[in-house]
Amino acid sequence: MDTSKFPSHLDCEALTGLTADHLPRGGSLGRVRRYAKGADLWQADDPADRVYFLRRGRVEIMTATPHERPVVLRTIEAGQPFGALCVCTSRAGTRDTTAHALVACEAIEIKLNAFLDYLHQDRAALEALVCTLCLRLTDTEHRVEVLAHRGAEQRLGRLMIRLGTVGTLGKLGPRGGRGAPRSTVTLSLSHNELAKMAGMTRPHVTVTLGRLRRRGLVHYSREGPLRVDVPGLTAYLGRLTQEAG
């Protein structure tokens, strides 16, 4: 394969990732479920026996830590699969996460055994699932790297660079094209959303962003979007790492 045609994971995802378009036409697989804004799709102790394909809306999947600060694991956009994507035969597990609708949503709900039967019959869908799992593993490794930083500037800064340069979260990515490398990127994120993704409190995020803004590395107003100077922030975080070493 000529890998030069795929300079980023987003190019690969656009061509081969598993989406609702891979499902059979006519609604023969699964059933359509609708959720109001704020409704739960599942709780932590629900069985992990279903796969979902989001047809419209946005879904947020979070850690289930009632006594600690929950962290956003993934934001699902229209067309994407989510839920119990593992293709093993175990049905005994529980979700251990929570999922709720950020806006009014519509999703196709498929029982896991029916989904596995379909994958056995459709090689293209199975290959697309493998690609999707590879992409999500890569994204998860980057998220772990972000959360491994204990310093607030490092953690929040690395998260914003990741979101800005990769743009894997749809409207959260850089404007003017998903994944397009730009020196300044715009993130349509509130301080509360950043806090949930970074595993920080909202006040801590606000204070940290204030420090970065005074250094000219981020720009924002009370009502406006967040603009990030990616090269400047990258260089600054690099200096922090060197000083810590």
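Predicted model: local features only at pLDDT ≥ 70, side-chain atom pairs only at ≥ 80, totals over all residues.
Let me start with Val103, which, if we set aside its neighbours within four places in sequence, is in contact with Tyr35, Ala36, Lys37, Gly57 and Arg58, where contact means heavy atoms within 4.5 Å. Residues are numbered from 1 along each chain as its sequence is written, and side-chain values use heavy atoms, with hydrogens and water left out.

Val103 itself lies in the loop between strand S7 (97-101) and strand S8 (105-111); helices (H or I, at least four residues) and strands (E, at least two) are DSSP runs numbered from the N terminus. Between Val103 and Tyr35 there are 68 residues of separation in sequence, but 8.4 Å in space, C-alpha to C-alpha.

Now to the aromatic rings, where Phe, Tyr and Trp (its six-membered ring) pair if their centres lie within 6.5 Å, and planes under 30 degrees apart count as stacked, over 60 as edge-to-face and the rest as tilted. By this rule there are four aromatic pairs. One of them is the tilted pair of Trp42 and Tyr52, at 5.7 Å centre to centre with 35° between the planes, and this pair links distant parts of the chain, with Trp42 in strand S2 (residues 40-42) and Tyr52 in strand S3 (residues 50-56), ten residues apart.

Are these two residues buried or exposed? Trp42 counts as buried because its relative accessibility is 4%, and Tyr52 is buried as well, at 3%, given that buried means under 20% relative accessible area, exposed over 50% and partly exposed in between (1.4 Å probe, protein chains only). Together with Phe82, Trp42 and Tyr52 form one aromatic cluster.

Finally, the helices: helix H5 (residues 191-198) and helix H6 (residues 202-214) pack at an angle of about 105°, with their axes 8 Å apart. Axes here are lines fitted to C-alpha atoms, for helices over the stretch in contact, and angles run from 0 to 180 degrees between N-to-C directions. H5 is therefore roughly perpendicular to H6, since angles under 35 degrees count as roughly parallel, over 145 as roughly antiparallel, 65 to 115 as roughly perpendicular and the rest as oblique. On the H5 side the contact is made by His191, Asn192, Leu194 and Ala195, and on the H6 side by Arg202, Val205, Thr206 and Leu209.
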